[in-house]
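This briefing walks through one protein model, topic by topic. Please keep the sequence and the structure in view while you read.

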Amino acid sequence: MNIADEYLALLDRATKDQPEHRRMLPRLKKVKSHLLDDTVHRLHKEAFEIVDCLKCGNCCRGISPRMTDRDIERIGKSLKLSPSAVSEKYITRDTDEFYCFKQSPCPFLVEDNYCQVYKDSPRACKEYPHTDRPKFIQIIDLSFKNSIICPAVAYVFIELRKIF
(Lines give C-alpha, C1' and ligand atoms only; values in the text may rest on other atoms or scores of the structure.)
Protein backbone atom coordinates (compact mmCIF):
# COMPACT_ATOMS: atom_id res chain seq x y z
CA MET A 1 0.00 0.00 0.00
CA ASN A 2 1.25 3.45 -0.82
CA ILE A 3 1.47 6.18 1.78
CA ALA A 4 -1.34 8.75 1.51
CA ASP A 5 -0.43 11.90 -0.45
CA GLU A 6 -1.24 14.24 2.43
CA TYR A 7 1.20 12.31 4.63
CA LEU A 8 3.89 12.52 1.98
CA ALA A 9 3.36 16.28 1.92
CA LEU A 10 3.87 16.48 5.70
CA LEU A 11 7.02 14.37 5.48
CA ASP A 12 8.33 16.44 2.58
CA ARG A 13 7.75 19.66 4.52
CA ALA A 14 9.42 18.25 7.66
CA THR A 15 12.38 17.10 5.59
CA LYS A 16 12.76 20.53 3.99
CA ASP A 17 12.38 22.18 7.42
CA GLN A 18 14.90 19.91 9.17
CA PRO A 19 17.59 22.59 9.45
CA GLU A 20 15.11 24.91 11.17
CA HIS A 21 13.83 22.09 13.37
CA ARG A 22 17.41 21.24 14.36
CA ARG A 23 17.99 24.87 15.34
CA MET A 24 14.77 24.77 17.37
CA LEU A 25 15.93 21.82 19.53
CA PRO A 26 18.10 23.86 21.93
CA ARG A 27 15.18 26.27 22.49
CA LEU A 28 12.82 23.39 23.20
CA LYS A 29 15.29 21.90 25.67
CA LYS A 30 15.03 25.12 27.69
CA VAL A 31 11.21 25.05 27.88
CA LYS A 32 9.74 23.90 31.20
CA SER A 33 9.11 20.18 30.89
CA HIS A 34 5.40 20.33 31.81
CA LEU A 35 4.77 23.14 29.31
CA LEU A 36 6.54 21.25 26.54
CA ASP A 37 4.65 18.05 27.43
CA ASP A 38 1.30 19.85 27.43
CA THR A 39 2.05 21.41 24.05
CA VAL A 40 3.38 18.23 22.44
CA HIS A 41 0.49 16.13 23.79
CA ARG A 42 -2.03 18.61 22.37
CA LEU A 43 -0.25 18.52 19.03
CA HIS A 44 -0.11 14.70 19.19
CA LYS A 45 -3.92 14.62 19.51
CA GLU A 46 -4.29 17.07 16.62
CA ALA A 47 -1.89 15.03 14.49
CA PHE A 48 -3.83 11.82 15.00
CA GLU A 49 -7.04 13.55 13.98
CA ILE A 50 -5.31 13.92 10.61
CA VAL A 51 -3.06 10.84 10.42
CA ASP A 52 -4.34 7.27 10.22
CA CYS A 53 -1.49 4.81 10.68
CA LEU A 54 -3.21 2.29 8.42
CA LYS A 55 -2.93 4.76 5.54
CA CYS A 56 0.78 5.16 6.20
CA GLY A 57 2.84 2.32 7.68
CA ASN A 58 6.03 4.24 6.98
CA CYS A 59 7.49 3.34 10.38
CA CYS A 60 6.99 -0.38 9.72
CA ARG A 61 8.62 -0.07 6.32
CA GLY A 62 11.59 2.02 7.35
CA ILE A 63 12.69 1.45 10.94
CA SER A 64 12.95 -1.46 13.33
CA PRO A 65 11.93 -1.21 16.96
CA ARG A 66 14.34 -2.11 19.70
CA MET A 67 13.03 -5.22 21.37
CA THR A 68 13.31 -6.98 24.68
CA ASP A 69 13.27 -10.68 25.51
CA ARG A 70 9.66 -10.19 26.64
CA ASP A 71 8.74 -8.71 23.24
CA ILE A 72 10.25 -11.73 21.51
CA GLU A 73 8.35 -14.08 23.84
CA ARG A 74 5.04 -12.33 23.03
CA ILE A 75 5.69 -12.51 19.29
CA GLY A 76 6.54 -16.19 19.65
CA LYS A 77 3.34 -16.86 21.54
CA SER A 78 1.35 -15.06 18.85
CA LEU A 79 3.03 -17.09 16.09
CA LYS A 80 3.08 -20.32 18.12
CA LEU A 81 6.88 -20.38 17.94
CA SER A 82 9.50 -20.60 20.65
CA PRO A 83 11.41 -17.39 21.44
CA SER A 84 14.56 -19.01 20.03
CA ALA A 85 12.74 -19.83 16.76
CA VAL A 86 11.49 -16.23 16.53
CA SER A 87 15.00 -14.94 17.20
CA GLU A 88 16.56 -17.25 14.62
CA LYS A 89 14.06 -16.39 11.92
CA TYR A 90 13.37 -12.67 12.49
CA ILE A 91 15.74 -11.07 15.00
CA THR A 92 19.29 -9.73 14.93
CA ARG A 93 21.32 -7.38 17.12
CA ASP A 94 22.09 -3.87 15.96
CA THR A 95 25.41 -2.09 16.38
CA ASP A 96 24.42 -1.13 19.94
CA GLU A 97 23.61 -4.79 20.71
CA PHE A 98 19.84 -4.20 20.89
CA TYR A 99 17.45 -6.72 19.39
CA CYS A 100 15.80 -5.59 16.16
CA PHE A 101 14.27 -7.15 13.07
CA LYS A 102 16.62 -8.62 10.46
CA GLN A 103 14.69 -7.13 7.60
CA SER A 104 12.87 -4.03 6.54
CA PRO A 105 9.98 -3.67 6.07
CA CYS A 106 8.88 -5.39 9.25
CA PRO A 107 8.30 -9.09 8.58
CA PHE A 108 4.87 -8.79 10.18
CA LEU A 109 3.60 -5.90 8.06
CA VAL A 110 0.83 -7.25 5.87
CA GLU A 111 -1.61 -5.95 3.28
CA ASP A 112 -3.21 -2.58 4.03
CA ASN A 113 -0.53 -1.77 6.63
CA TYR A 114 -1.94 -4.15 9.23
CA CYS A 115 0.38 -5.92 11.65
CA GLN A 116 0.22 -9.70 11.79
CA VAL A 117 1.20 -9.66 15.49
CA TYR A 118 -0.47 -6.36 16.46
CA LYS A 119 -1.80 -7.37 19.88
CA ASP A 120 1.57 -8.93 20.73
CA SER A 121 3.80 -6.41 18.96
CA PRO A 122 6.95 -5.03 20.62
CA ARG A 123 6.42 -2.35 23.23
CA ALA A 124 8.33 0.16 21.10
CA CYS A 125 5.81 -0.39 18.30
CA LYS A 126 2.85 0.07 20.62
CA GLU A 127 4.29 3.33 21.97
CA TYR A 128 5.42 4.73 18.61
CA PRO A 129 5.75 7.60 17.78
CA HIS A 130 6.24 8.40 21.49
CA THR A 131 4.88 11.95 21.22
CA ASP A 132 2.24 11.27 23.87
CA ARG A 133 4.62 10.12 26.58
CA PRO A 134 5.56 12.16 29.64
CA LYS A 135 8.94 13.90 29.69
CA PHE A 136 9.02 14.37 25.95
CA ILE A 137 12.30 16.23 26.41
CA GLN A 138 13.98 12.88 27.11
CA ILE A 139 13.21 11.66 23.60
CA ILE A 140 13.32 14.92 21.71
CA ASP A 141 16.35 13.91 19.63
CA LEU A 142 14.71 10.61 18.67
CA SER A 143 11.51 12.46 17.82
CA PHE A 144 13.49 14.86 15.64
CA LYS A 145 14.75 11.83 13.67
CA ASN A 146 11.22 10.40 13.54
CA SER A 147 9.89 13.67 12.09
CA ILE A 148 10.96 12.57 8.62
CA ILE A 149 9.52 9.06 9.05
CA CYS A 150 6.16 9.60 10.75
CA PRO A 151 3.71 12.19 9.40
CA ALA A 152 2.26 12.68 12.89
CA VAL A 153 5.69 13.60 14.28
CA ALA A 154 6.27 15.79 11.22
CA TYR A 155 3.07 17.64 12.10
CA VAL A 156 4.18 18.03 15.73
CA PHE A 157 7.53 19.54 14.71
CA ILE A 158 6.03 21.82 12.08
CA GLU A 159 3.57 23.15 14.66
CA LEU A 160 6.18 23.39 17.46
CA ARG A 161 8.18 25.72 15.26
CA LYS A 162 5.19 28.06 15.04
CA ILE A 163 4.89 28.11 18.86
CA PHE A 164 8.53 28.15 19.96
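A nonpolar core is a set of buried Ala, Val, Leu, Ile, Met, Phe, Trp, Tyr and Cys residues that are joined through side-chain atoms within 4.5 Å. The model described here is a predicted one.

**The nonpolar cores**

- The largest nonpolar core holds 31 residues, and those with the most contacts inside it are Leu28, Leu36, Phe136, Phe157 and Leu160.
- At least two residues of this core come from each of the helices α1 (5-16), α2 (18-30), α3 (33-50), α8 (140-146) and α9 (151-163), and α9 gives the most, with eight residues.
- Leucine 160, when its neighbours within four places in sequence are left aside, is in contact with Met24, Leu28, Leu36, Thr39, Val40 and Leu43.
- Another core, which lies apart from the largest one, has eleven residues, and among them are Met67, Val86, Ile91 and Phe101.
- As a general background, nonpolar side chains in soluble globular proteins tend to be buried together.

- Histidine 21 is found in helix α2, and it counts as buried because its relative accessibility is 0%, where buried means under 20%.
- If residues up to four places away in sequence are not counted, histidine 21 touches Ala14, Phe144, Phe157, Ile158 and Arg161.

- In helix α5, which spans residues 69-79, the residues Asp71, Ile72, Arg74, Ile75 and Gly76 are buried.
- The elements that cover these buried residues of α5 include α6 (83-90), β1 (91-93), β2 (99-101) and α7 (123-127).
- Lysine 80 follows α5, and its phi is positive, near 60 degrees.

**The largest pocket**

- The largest pocket has a volume of about 1,400 Å³, and of the 47 residues that line it, the closest to its centre are Pro65, Ala124, Cys125, Lys126 and Tyr128.
- Two or more residues of the lining are given by each of the elements α4 (58-62), β2, α7 and α8, while α7 gives the most, with five residues.
- Sorted by class, the lining of the largest pocket consists of 29 nonpolar, nine polar and nine charged residues.

How values were computed
Residues are numbered from 1 along each chain as its sequence is written. This is a predicted model: local features need pLDDT of at least 70, side-chain atom pairs count only at pLDDT 80 or more; totals for chains, interfaces and linings use all residues. Side-chain values use heavy atoms; hydrogens and water are left out. Buried means under 20% relative accessible area, exposed over 50%, partly exposed in between (1.4 Å probe, protein chains only). Helices (H or I, at least four residues) and strands (E, at least two) are DSSP runs, numbered from the N terminus. Contact means heavy atoms within 4.5 Å. On a 1 Å grid over the protein atoms alone, a cavity is a set of points where a 1.4 Å probe fits but cannot get out, and a pocket is an open set with protein on both sides within 12 Å along at least five of seven lines; lining residues have an atom within 4 Å of a point. Grid points are joined across faces, edges and corners, and a volume is the space filled by probe spheres set on the points. Ala, Val, Leu, Ile, Met, Phe, Trp, Tyr, Cys and Pro count as nonpolar, Asp, Glu, Lys and Arg as charged, and the others, Gly among them, as polar.
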